[in-house]
Structures are given as structure tokens and as C-alpha cells.
Amino acid sequence: MTPPYRVGDELPPLEIPVTRTLIVAGAIASRDYQDVHHDAASAREKGSPDIFMNILTTNGLVGRYITDHFGPTAVLRKVAIRLGAPNYPGDVLRLTGRITELRTADTSSADASSAEVVDAVEAIEAVVQVTGGNGIGRHVTGTVAVTLPEPSAKRTGA
């Protein structure tokens, strides 16, 4: 089966409001208790105009961007990002992406909890170049490899 994607395809942009709640919740969820991610006075003391988003939150948002586009069967295989301009409260993070590579990949797995086995199937792996900007510049750049199982993947249960 031919995938409905081609090298060069652009993903639709995703705009995410950068709120204090998002910054603080992301830091707490990733167990990053550095004060620059939740305490504005401490952030200013360290030279920042305000609290700012941590890399793990950005990493999660990049993953969300990819899986929202490719759907619930998409499996992130590799996320490699680099940060640039900080994300401060009151700004908007705008993520964009472009497919740079498509290749086939053989996959197989077993779910020990349900004794369900997924036979080796041919799947499509897409590599997507992702960028994200905000009001002061480029916040994130990176690549994401994502496996897109074919709709005809054969499942057998025990």
C-alpha cells in the first residue's frame, strides 16, 4: 500500500499559546523544579525577563504536533531537538513541519500483559523536520522519526 504522504509534504502549522500555566505544569510534569520555570523573581535574578519553558515541555509539544498530525497509531521513534529563543508567557509557539524522508521499516512486538502478538509487518517510517518560532525568534529546531503502521497490519491474539 502506498502511503498518503510524500517527501516534501508540509504539515499544517500548530499554534500553541504559551501561558504561565503551561510553563509551570510542563516543568512539574517533567520533574524539573528549577526556579526559572516557576518563579518570576528568581528568573529575573538570573537574568531572564520572566519564567520560561523547559526543554522537556518543548519536546512533548513537538511529539504532540507529530502524533496529532499522523494519528493515534503513529509511534515516535526518535525526537531530536535543539532550543533557541526562550518561550515566555504571553507568546505563541508556532510549530511547522516538513517530511524529509519516507522509508519502510519492519516491525514486530509482543504485549506480555495481553499475550497479543503483532506479526512483523511492513510499516512506513517518516522523518519530519520540525521548527517552532515565537515572537522573538526560532524556539526549536529538530527532526522526528515516526512509524506509521499500514492499515492492513495483521493482529493475532492468544
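**Entry 1: Glu-15 and its partner**

I opened my notes with Glu-15, which is exposed, with a relative accessible area of 52%. I kept in mind that I am looking at a predicted model. Next I looked up what Glu-15 pairs with, and found a salt bridge to Arg-94, with the closest N and O atoms 3.3 Å apart. Glu-15 lies in strand β1 and Arg-94 in strand β3 (residues 91-111), so this pair ties together parts that are 79 residues apart in sequence. Arg-94 itself counts as partly exposed, at 39% relative accessibility.

How many salt bridges does the structure hold? I noted six. A reminder to myself: side chains of opposite charge can pair when their charged atoms come close.

I then followed Arg-103, whose side chain meets that of Glu-101 in a salt bridge of 2.6 Å, N to O. Arg-103 also meets Glu-125, this time at 2.5 Å, N to O. Since Glu-125 lies in strand β4 (residues 116-134) and Arg-103 in strand β3, the pair ties together parts 22 residues apart in sequence. I wrote the three down as one group, because Glu-101, Arg-103 and Glu-125 are linked in a network of salt bridges.

Are these three buried or exposed? Arg-103 is partly exposed at 33% relative accessibility, and Glu-101 is partly exposed at 34%. Glu-125, at 12%, counts as buried.

I turned to helix α1 (residues 20-29) and listed its buried residues: Ile-23, Gly-26 and Ala-27. They cover an arc of only 100 degrees around the axis, which puts them on the same side of α1. That made me recall that an α-helix has 3.6 residues a turn, so residues three or four places apart point the same way. On the other side of α1, I found Thr-21 and Ala-29 exposed. What covers the buried residues? I noted that β1 and α3 are among the covering parts. Just after α1, I saw that Arg-31 takes a positive phi of about 60 degrees.

**Entry 2: an aromatic pair**

I searched for aromatic pairs and found one. Tyr-5 and Phe-70 are arranged edge-to-face, 4.9 Å centre to centre, with 75 degrees between the planes. Tyr-5 sits in the segment before β1 (10-18) and Phe-70 in helix α3 (residues 55-70), so the pair ties together parts 65 residues apart in sequence. Phe-70 is buried, with a relative accessible area of 9%.

**Entry 3: Thr-147**

Thr-147 is buried, at 3% relative accessible area, and a polar contact of 3.0 Å joins its side chain to that of Arg-77.

How values were computed: Residues numbered from 1 in each chain as written. Predicted model: local features only at pLDDT ≥ 70, side-chain atom pairs only at ≥ 80, totals over all residues. Heavy atoms only, no water. Phe/Tyr/Trp six-rings, centres within 6.5 Å; stacked < 30°, edge-to-face > 60°. Helix = DSSP H or I, 4+ residues; strand = E, 2+ residues; numbered from the N terminus. Buried < 20%, exposed > 50% of the residue type's maximum accessible area, 1.4 Å probe, protein only. Arc of directions from axis to C-beta. Contact = heavy atoms within 4.5 Å. Polar contact = N/O pair within 3.5 Å; in protein donor to acceptor, adjacent residues only side chain to side chain. Salt bridge = Lys/Arg side-chain N within 4 Å of Asp/Glu carboxyl O.
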